[in-house]
Amino acid sequence: MKHVKKVSRRTRVVAGGALVAAVTLGGIGAWSASATSSVPAAQAAVKADASNKNLTQSTRLTADAASRAAQAALDAARKDNQRVSVAVVDRDGNTVVTQRGDGAGPQSYESAVKKAYTAVSWNAPTSELVKRLEQAPNLKDIPGTLFLAGGAPVTAKGAPIAGVGVAGAPSGDLDEKYAQAGVSTLNK
């Protein structure tokens, strides 16, 4: 059995104080370094990451753009005196913006989200996807999807980056017309 030498109280206090000082100074140094970071340094980091073959970059719709698309879809429906809900989801299917129009039915909110998700997932208007069900009826069993007209993808350089979904009008054709109005706003 090894014998451990007892450390004096004074040694413990001095060592503890040194440790606290080192941690504090390290924290101040880290804060100081982050406080002086500049935009060019951040841009250099992005450029360095872009050359890393283990990483990928993706294009995302901004929250402001998603809000404009949702509002344009809602305005188009309002012009036709229709009560709808609108949803905009990102490339990963995460909801960015939802708007429930005045008087829209309770089912319209969730339906709009699912239509947007379905449109971005397959990079196609949901009215086209309904036709695919004849060949592959199991598509409708995929969680979170809704194969009814009313969803439209948002693309950049041919790739889907978002989806706009509208629900609540008396027909899917109208829902999709309003979703396309939202997408069109982004192309101006």
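How many bridges join β3 to strand β4? The legends below answer this and describe other close-up views of a predicted model.

**View 1. Pairing of strands β3 and β4.** Six bridges join β3 to strand β4 (residues 159-167), and the two strands run antiparallel. Within this pair, Thr155 has Pro160 in β4 as its bridge partner.

**View 2. The hairpin of β1 and β2.** Strand β1 (residues 85-90) and strand β2 (residues 95-100) are antiparallel and are joined by five bridges. Opposite Ala87 stands Thr98 in β2. Four residues lie between the strands of this hairpin, where Gly93 takes a positive phi near 85 degrees.

View 3. Four strands form an open sheet in the order β2-β1-β4-β3, with antiparallel pairing. β2 and β3 (151-156) stand at the edges with a single partner strand each, so one side of each has no neighbour in the sheet. From one strand to the next, the twist averages 15 degrees. Strands of a sheet pair through backbone hydrogen bonds.

**View 4. Helices packed on the sheet.** Helix α3 packs on the sheet and touches β1, β2 and β4. The direction of α3 makes about 30 degrees with that of β2. Helix α4 (residues 106-122) also packs on the sheet, touching β1, β2, β3 and β4. The direction of α4 makes about 155 degrees with that of β4.

**View 5. Packing of helices α3 and α6.** Helix α3 (residues 63-79) packs against helix α6 (residues 172-186) at an angle of about 140 degrees, and their axes are 7 Å apart. The two helices, α3 and α6, are therefore oblique to each other. The crossing in which α3 passes α6 is right-handed. On the α3 side, the residues that meet α6 are Ala65, Arg68, Ala69, Ala72, Ala73, Ala76 and Ala77. Their counterparts in α6 are Tyr178, Ala181, Gly182, Thr185 and Leu186.

View 6. Arg78 belongs to helix α3. The relative accessible area of Arg78 is 48%, so this residue counts as partly exposed. Between the C-alpha atoms of Arg78 and Gly101 the distance is 8.4 Å, while the two residues are 23 apart in sequence.

**View 7. The whole protein, for orientation.** The protein has six helices and four strands, running α-α-α-β-β-α-α-β-β-α from the N terminus on. Of its 188 residues, 32% count as buried. The protein exposes about 12,000 Å², of which carbon and sulfur atoms supply 56%.

How values were computed:
Residues numbered from 1 in each chain as written. Predicted model: local features only at pLDDT ≥ 70, side-chain atom pairs only at ≥ 80, totals over all residues. Heavy atoms only, no water. Buried < 20%, exposed > 50% of the residue type's maximum accessible area, 1.4 Å probe, protein only. Areas by Shrake-Rupley, 256 points an atom, 1.4 Å probe, with all protein chains shown as cover. Pairing = 2+ DSSP bridges. Axes fitted to C-alpha atoms, helices over the stretch in contact; angles between N-to-C directions. Parallel < 35°, antiparallel > 145°, perpendicular 65-115°, else oblique. Left-handed = near helix turned anticlockwise from the far one by under 90°. Contact = heavy atoms within 4.5 Å.
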